[in-house]
Amino acid sequence: HILAEAERLFEDEKYWDTLQQLEPMIPRAEGPIRARAKMLLAQVYMKNPLWKKRAESLLQSLVEENPRDVAALLLLADLYRSNRLPTRAKSTYRRVLEIQRKHEEARRALAFLEQQEETAPPASGFAALFKKR
């Protein structure tokens with residue numbers, strides 16, 4: 001019941017209210033309900049630029065619990081891509097494709113990142129030391 005309410009609040013873009021529903025619920029939840037709640041909470045965290053690390057940590061914990069969780073891997077890869085971490089994003093998209101070889105969204109995102117890498121001018125000198133990965 002709480003999770004359904006949190007999902008409705010998220011759809012209505014009431015992220016703070018969603019957060020208030022999920023954070024106390026997750027420690028008590030189990031199994032697939034817990035995984036769904038953690039996934040939704042990660043999505044809420046991703047809405048706030050200051051909480052991106054929280055989202056990453058939560059998604060990584062989901063992947064540790066279930067290494068074949070395509071939805072969590074895909075969201076984690078999207079998070080890396082939005083944070084301009086192309087190496088991590090590509091690696092995570094490849095993990096999705098190892099699980100689901102024909103996953104179109106992962107395939108397109110990976111192709112886009114690889115194309116960007118090919119067309120980007122190489123970093124040199126001092127700038128190369130601080131290149132984001």
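Helices (H or I, at least four residues) and strands (E, at least two) are DSSP runs, numbered from the N terminus. The model is predicted, so to speak with care: local features need pLDDT of at least 70, side-chain atom pairs count only at pLDDT 80 or more, and totals for chains, interfaces and linings use all residues. Residues are numbered from 1 along each chain as its sequence is written, and side-chain values use heavy atoms, with hydrogens and water left out.

**Exercise 1. The overall picture**

Work out how many helices and strands the protein has, and what pattern they follow.

Solution. 
- Step one, the count: there are 8 helices and 0 strands.
- Step two, the order: along the sequence you read α-α-α-α-α-α-α-α.
- Step three, burial: 36% of the 133 residues count as buried (under 20% relative accessible area; exposed is over 50%, partly exposed in between, with a 1.4 Å probe and protein chains only).
- Step four, contacts (heavy atoms within 4.5 Å): among those between residues at least 6 apart in sequence, 41% join residues at least 24 apart.

**Exercise 2. Lys38**

Find where Lys38 lies, and decide whether Lys38 is buried or exposed.

Solution. 
- Step one: Lys38 lies in helix α3.
- Step two: Lys38 counts as buried because its relative accessibility is 5%.
- Step three, the neighbours: leaving out residues up to four places away in sequence, Lys38 touches Ile26, Leu58, Ser61, Leu62 and Glu65.

**Exercise 3. How α2 meets α3**

Describe the crossing of α2 and α3 by angle, distance and hand.

Solution. 
- Step two, the numbers: the axes of α2 and α3 come within 10 Å and cross at roughly 145 degrees. Axes here are lines fitted to C-alpha atoms, for helices over the stretch in contact, and angles run from 0 to 180 degrees between N-to-C directions.
- Step three, the hand: this crossing is left-handed, meaning the near helix is turned anticlockwise from the far one by less than a right angle (clockwise would be right-handed).
- Step four, who makes the contact: α2 brings Tyr15, Thr18, Leu19, Leu22, Glu23 and Met25, while α3 brings Ile33, Ala37, Leu40, Leu41, Val44 and Tyr45.

**Exercise 4. Helix α5 from end to end**

Walk along α5 and say what sits at its start, which of its residues are buried, and what follows it.

Solution. 
- Step one, the start: a side-chain oxygen of Asp69 reaches to within 3.3 Å of the backbone nitrogen of Ala71.
- Step two, the span: α5 (residues 70–82) has 13 residues and reaches 18 Å from first C-alpha to last, close to the 18 Å expected at 1.5 Å a residue. That expected span is 1.5 Å times one less than the number of residues.
- Step three, the buried set: Val70, Ala72, Leu73, Leu74, Leu75, Leu76, Ala77, Leu79 and Tyr80. They pack against α3 (31–46), α4 (52–65), α6 (86–99) and α7 (104–119).

Technical notes:
Polar contact = N/O pair within 3.5 Å; in protein donor to acceptor, adjacent residues only side chain to side chain.
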